Amino acid sequence: MSPTSTPAILHLAWIISSALLYEILRIIVAPALFHCYTKDYGRLSTGKKRAWGIRFSSISNSIIVVTLAVVSLSKPGVWTNPFQAHPWSVQASISITAGYFVADMYWMLRYPVESGAHYAYKFHHVFSLFGFYSILSYPMLGHLLSIRLLSELSQPFLHFRVPMYIHMMWFSAGAFLDILNIYWFTLLVRGMRKILMEYCTKQTEL
């Protein structure tokens, strides 16, 4: 698999810009909006204001990423070769999500109480960033990741109270996506095993 033709510096610029954007949303945009639409926001403690800023940034990321994922998956001919299709919308959604994860990791480290920073989230972000790097570096599995990023729709359910049946509906969708993840992982393992066996065979023939 050859590296993607998009310069790495462009991906890095996307990630850094996205991280800065989410920080601006958290510390500037969110307080301004909450002050305009509710008087109770001013009475909140500093910790709760930070928590609501983090929630606002999280939901903003959900809207942006899900929109780009839908654009990616609606492109004509995308399913002819979904493993190697790598349009701009896929690269943008992955870069923006990576930027959000960088910002979120910063919030978890600086505000562990307000962000609810369980160690599992930190491990999740680290391994996710490694996966983002792999997909941005090589044109593979981009559209499959776009499908998985649709799980960002769960953020409003995570941060706000909604009816239980909506939770159950999204739980079912999440379970289906995780089953697909397991299936794709088995395909990757088989492909890696095949490549390793071919490599070992060539080495023994030398």
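These points walk through a predicted model, from the overall fold to single contacts.

1. Basis. This is a predicted model, in which local features need pLDDT of at least 70, side-chain atom pairs count only at pLDDT 80 or more, and totals for chains, interfaces and linings use all residues. Residues are numbered from 1 along each chain as its sequence is written, and side-chain values use heavy atoms, with hydrogens and water left out.

2. Confidence. pLDDT is the predictor's confidence in each residue, from 0 to 100. Its mean over the chain is 76. Residues at 70 or more make up 69%. Among the elements, H1 has the highest mean, 89. Helix H6 (residues 155–159) has the lowest, 59.

3. Fold. The chain has seven helices and zero strands. Along the sequence the pattern reads α-α-α-α-α-α-α. Helices (H or I, at least four residues) and strands (E, at least two) are DSSP runs, numbered from the N terminus. Of the 206 residues, 38% are buried. Buried means under 20% relative accessible area, exposed over 50%, and partly exposed in between (1.4 Å probe, protein chains only).

4. Surface patch. Ile9, Leu10, Leu12, Trp14, Ile16 and Leu20 form a nonpolar patch on the surface. Together they have about 590 Å² of accessible area, by the Shrake-Rupley method with a 1.4 Å probe, where for residues only the protein chains shown count as cover. Patches take residues with over 30% relative accessible area and no salt bridge; like charges are joined within 9 Å, and nonpolar side chains (Val, Leu, Ile, Met, Phe, Trp, Tyr) within 5 Å. Trp14 is in helix H1 (residues 8–37). Its relative accessibility is 36%, so Trp14 counts as partly exposed.

5. Aromatic pairs. Rings of Phe, Tyr and Trp (its six-membered ring) pair if their centres lie within 6.5 Å; planes under 30 degrees apart count as stacked, over 60 as edge-to-face and the rest as tilted. The count comes to seven aromatic pairs. In one of them, Tyr22 and Tyr100 have ring centres 5.3 Å apart and planes at 75 degrees, so the pair is edge-to-face. Tyr22 lies in helix H1 and Tyr100 in helix H3 (residues 88–110), so this pair ties together parts 78 residues apart in sequence. Both Tyr22 and Tyr100 are buried. Phe34 and Phe56 also form an edge-to-face pair, 6.1 Å centre to centre with 80 degrees between the planes. That pair links Phe34 in helix H1 to Phe56 in helix H2 (residues 46–73), 22 residues apart.

6. Ring cluster and charge. Ring pairs link Tyr22, Tyr100, Phe101, Trp107 and Phe132 into a cluster. Elsewhere, the charged end of Arg55 sits over the ring of Trp52, 4.5 Å from its centre. Such a contact needs NZ of Lys or CZ of Arg within 6 Å of the ring centre and within 35 degrees of the ring normal.

7. Salt bridges. The whole structure holds two salt bridges, each a side-chain nitrogen of Lys or Arg within 4 Å of a carboxyl oxygen of Asp or Glu. Arg26 pairs with Glu23, with the closest N and O atoms 2.7 Å apart. Both lie in helix H1, three residues apart, about one turn of the helix. Arg26 and Glu23 are both buried. Arg43 pairs with Asp40, with the closest N and O atoms 3.1 Å apart. Arg43 counts as exposed because its relative accessibility is 67%. Asp40, at 45%, counts as partly exposed.

8. Loop. Gly42 is in the loop between H1 and H2. At 42% relative accessibility, Gly42 counts as partly exposed. Its C-alpha atom is 9.0 Å from that of Pro31, 11 residues apart along the chain.
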